[in-house]
Amino acid sequence: MRNLKRIMFMLVLVMTVFSVTAQVQVKGTVKSKTGESLPGVNVTVKGTTTGTITDSNGSYTLSVQNSDILVFSYIGFHSQEVTVSGKTLIDIVLEEESIGVEEVVVVGY
């Protein structure tokens, strides 16, 4: 009986460790607000150096943890963060970032 309790405890412990550290393969596409595919978008796991970039069709694939946060960034567009939370398909629409005239400095010589 005592050995059975130990075995059950170890089984629960092992299952907990595997569920916490399980990798999930996330796929998706990144498009602009107008529906154009965005190639070369940086897709990174927040707080790490793990990441990838989108291909010519705006598609990406990345192995991550369920608790990870993905950061999508692209020059000229607002960055966007999404928590994986068990999702295997994450499609993103990035909005263009506009720069006001008062933020531009022109220097001539």
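## Fold order

Going along the sequence, the protein chain runs α-β-β-β-β-β-β-β. That comes to 1 helix and 7 strands, where helices (H or I, at least four residues) and strands (E, at least two) are DSSP runs, numbered from the N terminus.

A quick word on what you're looking at: this is a predicted model, where local features need pLDDT of at least 70, side-chain atom pairs count only at pLDDT 80 or more, and totals for chains, interfaces and linings use all residues. Residues are numbered from 1 along each chain as its sequence is written, and side-chain values use heavy atoms, with hydrogens and water left out.

## Surface and contacts

The protein chain has 109 residues, and 23% of them are buried. Here buried means under 20% relative accessible area, exposed means over 50%, and partly exposed is in between (1.4 Å probe, protein chains only). The protein chain exposes about 8000 Å², with carbon and sulfur atoms supplying 59% of that; the areas come from the Shrake-Rupley method with a 1.4 Å probe, and for residues only the protein chains shown count as cover.

As for contacts (heavy atoms within 4.5 Å), take those in the protein chain with a separation of 6 or more: 47% of them are between residues 24 or more positions apart.

## Aromatic pairs

A pair of aromatic rings is described by the distance of the centres and the angle of the planes. Rings of Phe, Tyr and Trp (its six-membered ring) pair if their centres lie within 6.5 Å; planes under 30 degrees apart count as stacked, over 60 as edge-to-face and the rest as tilted. Searching the whole structure turns up 2 such pairs. In one of them, Tyr60 and Phe72 have ring centres 5.6 Å apart and planes at 70 degrees, so this pair is edge-to-face. It links distant parts of the chain, 12 residues apart: Tyr60 sits in strand E4 (residues 59-65) and Phe72 in strand E5 (residues 69-73). Tyr60 is buried at 3% relative accessibility, and Phe72 is buried at 0%.

Tyr74 and Phe77 also pair up, with ring centres 5.5 Å apart and planes at 40 degrees, so they count as tilted. Tyr74 is partly exposed because its relative accessibility is 26%, while Phe77, at 13%, counts as buried.

## Around Gln80

Gln80 belongs to strand E6 (residues 80-83) and is partly exposed, its relative accessible area being 28%. Which residues does Gln80 contact, leaving aside its neighbours within four places in sequence? They are Leu70, Val71, Phe72, Ile92, Val93 and Leu94. Gln80 and Leu94 are 14 residues apart in sequence, with 7.2 Å from C-alpha to C-alpha.
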